[in-house]
Amino acid sequence: MFWRRAAHGRVGFRRSLPELGLLLLATLVLLEGSVLPLGAASSPETGITPGAGVSHGHADKNHSETKHKKPFPVLGLNYDSVKTPFEISLWVLLASLMKLGFHLLPRVSSIVPESCLLIVVGLLVGGGIKLIREEVPPVLDTKLFFYCLLPPIILDAGYFLPIRPFMENLGTILMFAVVGTLWNAFFVGGFLFAVCQIPHASLSHIGLLPCLLFGSIISAVDPVAVLAVFEEIHINELLHILVFGESLLNDAVTVVLYHLFEEFSEAGTVTVLDGFLGVISFLVVALGGVLVGAFYGFVAALTSRFTYHIRVIEPLFVFVYSYMAYLSAEVFHLSGIMALIACGAVMRPYVEANISHKSHTTIKYFLKMWSSVSETLIFIFLGVATVEGPHQWNWVFVTATVILCLVSRVIGVVGLTFVINKFRMVNLTTKDQFIIAYGGLRGAIAFSLGFLLDIEHFKDMREIFLTAIITVVFFTVFVQGMTIKPLVELLAVKKKQEAKRSINEEIHTQFLDHLLTGIEDICGHYGHHHWKDKLNRFNKKYVKGFLIAGERSKEPQLIAFYHKLEMKQAIQLVESGGGSKLPSAMPSTVSMQNIQPKNQPPPPKPTERALPQLTKGREEEIRKILRSNLQRTRQRLHSYNRHTLVADPDEEGFQDIILKKQKMMELDRKIKEMANYLSVPSHPKDSPTMSRARLASGRNTDFIPAQQQKGNKKSPGM
């Protein structure tokens, strides 16, 4: 019966359709004046605001008949109130969709780098906006770039920075970052000034200091562009850490040179004192940024020690302290990039020992997601800003800039490598030098620094500089970024090998570290292995106990690495669903502490073999013996050279001096005894006194009387 009623209801509905249409039309006519935008209802043009209508309700009561009362608005439109967050959401959505689309087209992404495709998308979006509107809004604002888009990328790079290869190649990285950047800035700026003096180039208004300022902007390698290209070609770890480390550490040089030449350009004069203060400023900017980042890193590690009962806010401390380090460095015009790198590198080993595995996963994936979106937006905004303009094209200046950037990079890398190889154990080959020189990409940092130039002071040069910067960025990203992968394959450059670390590898690595440290101590050469060992001992003795909670602070490095591997293997096993296939055995409490439910009953304890119990005093005595014999701190030995071994009288110890003195006293005593024996008459041949005299003197004939000597000569046995 129910289906019959339903059918009857549908027939009635068909019959009432004309009536419903008339009713809807009448409703729309009634509401024609009531559908007003919410912003218009509160705008000053209407003269009536919601608050004013309520406050003056009693005052206008007598005039209610003469005034027209507007009905309550049913639907409103107020885009201005949500314009900024709505456009940000649209840009993020566009970036995410573009990244998804590129990975769905593997043939395109294997030929063209992702950064190039994103810039093309930005050019198309900017062109579409310019067709719809007369002007393109300034999307790549300097504050937006430096305070919102750049920090996530640098924090991701600093937090997951491979510390061991970075520290082993720190000298090479600093040479490329400091000396190489200075060389590029002065080489490009000086030769550009010479180009500007050409009569028909129409560039005579650009002086030496503006050219050096432009050289400092365009000389720095961009970390965003390097990350985008080098992660796709999977270059080996050595070349990746050299180029990427250079792009991270040259920020201090770029900041100092930029502010230095900007002030010099405005002042117009340069003195020797200014140059000296510039060197001091570089040291302050670099070391100050590192110290600020290290301070916030230690504070973050100390805070994570007390988050055992509030696990949900653990990732928040990592992000907030890192961003505070960046902003604090920017407040004092220090290097914010170096502050972020130092903060991430310092906090990671201590934070990961304190936080839970879920918090670690949250930090990892949120940083990767945040940095990926920021990188995508930077390249899209770069394309949109290119369409925005304004530009002033000068063939001579732009062409000279591109050529000088390439030439200075090649000369700088080859010259510095010639010096560096004299001090390296593993020399950089010609192929390595080519990849380092060819991988010096420029990006959005140079573009943003160009936008920071004062319009009033650089009004005749700013547009030329921006056009040249965009050209160099496009040339390095498109030409060098697209051709570096085929060149790597053509030259057969060693690529990165994705190999999982094992306990065996960790044991041999630590063994070699201790062995090399001991060899350095024996030879008297205190290299980086010696200082690394000193730092590790200081870290274990003082820092870890203060920043790491519980027993994890006393855990040896090898055991901690084993627990980490065991945890990763257990999680992979649970995610793959292979836990039920394992034989029934007691799982490790370390590897399963964040996987098993908390309410699960504890597993039964296995039967342990009875061991003899030792008293606490006996245990402490055993520990003291082992500590003094097996883990004794190496004493400082006297340095020597195996080719020139010269006896050093000062090397004799106090015990040797005492032994020598005792031998001298004994020798004097024997001499006195010998003198006494010479003053008495001779004794018979075989007397005991004569035997003792012979033994004391060490000679057989000194104390034989003359008569006995003559008798011995006459004897037939002689």
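**Loops, core and helix packing in a predicted model**

His333 lies in the loop between α16 and α17 (336-354). The model is a predicted one, and in it the phi angle of His333 is near 60°, a positive value in a residue other than glycine. The relative accessible area of His333 is 53%, so this residue counts as exposed, the cut-off being over 50%. A positive phi is also found at His234, where the angle is near 55° and the residue is again not glycine. His234 is placed in the loop that joins α12 (223-233) to α13 (237-249). With a relative accessible area of 44%, His234 is classed as partly exposed.

For the protein chain as a whole, the secondary structure consists of 29 helices and 0 strands. The chain has 718 residues, of which 36% count as buried. When contacts between residues at least 6 apart in sequence are considered, 79% of them join residues at least 24 apart.

In soluble globular proteins, nonpolar side chains tend to be buried together. The largest nonpolar core of the model holds 137 residues, and within it Leu150 and Phe397 touch the most other members. Domain 1 (142-491) and domain 2 (513-567) each supply at least three residues to this core. Setting aside residues up to four places away in sequence, Leu150 touches Phe145, Val224, Tyr326, Ile337 and Ile445.

Leu150 also takes part in the packing of two helices, as one of the α8 residues that meet α16. The axes of helix α8 (residues 142-159) and helix α16 (residues 314-331) come within 11 Å and cross at roughly 120°. The crossing of α8 over α16 is right-handed. On the α8 side, the contact is formed by Phe146, Tyr147, Leu150, Pro151, Leu155 and Tyr159; on the α16 side, by Val318, Phe319, Ser322, Tyr323, Tyr326, Leu327 and Glu330. By class, the residues of this contact comprise 11 nonpolar, 1 polar and 1 charged.

A further position examined was Asp274, which belongs to helix α15 (residues 272-304). Apart from neighbours within four places in sequence, the contacts of Asp274 are with Leu260, Phe264 and Thr269. Phe264 is 10 residues from Asp274 along the chain, and the C-alpha atoms of the two are separated by 8.9 Å.

How values were computed:
Residues are numbered from 1 along each chain as its sequence is written. This is a predicted model: local features need pLDDT of at least 70, side-chain atom pairs count only at pLDDT 80 or more; totals for chains, interfaces and linings use all residues. Side-chain values use heavy atoms; hydrogens and water are left out. A nonpolar core is a set of buried Ala, Val, Leu, Ile, Met, Phe, Trp, Tyr and Cys residues joined through side-chain atoms within 4.5 Å. Buried means under 20% relative accessible area, exposed over 50%, partly exposed in between (1.4 Å probe, protein chains only). Domain bounds come from an automatic or database domain assignment. Contact means heavy atoms within 4.5 Å. Axes are lines fitted to C-alpha atoms, for helices over the stretch in contact, and angles run from 0 to 180 degrees between N-to-C directions. Helices (H or I, at least four residues) and strands (E, at least two) are DSSP runs, numbered from the N terminus. A crossing is left-handed if the near helix is turned anticlockwise from the far one by less than a right angle, and right-handed if clockwise. Ala, Val, Leu, Ile, Met, Phe, Trp, Tyr, Cys and Pro count as nonpolar, Asp, Glu, Lys and Arg as charged, and the others, Gly among them, as polar.
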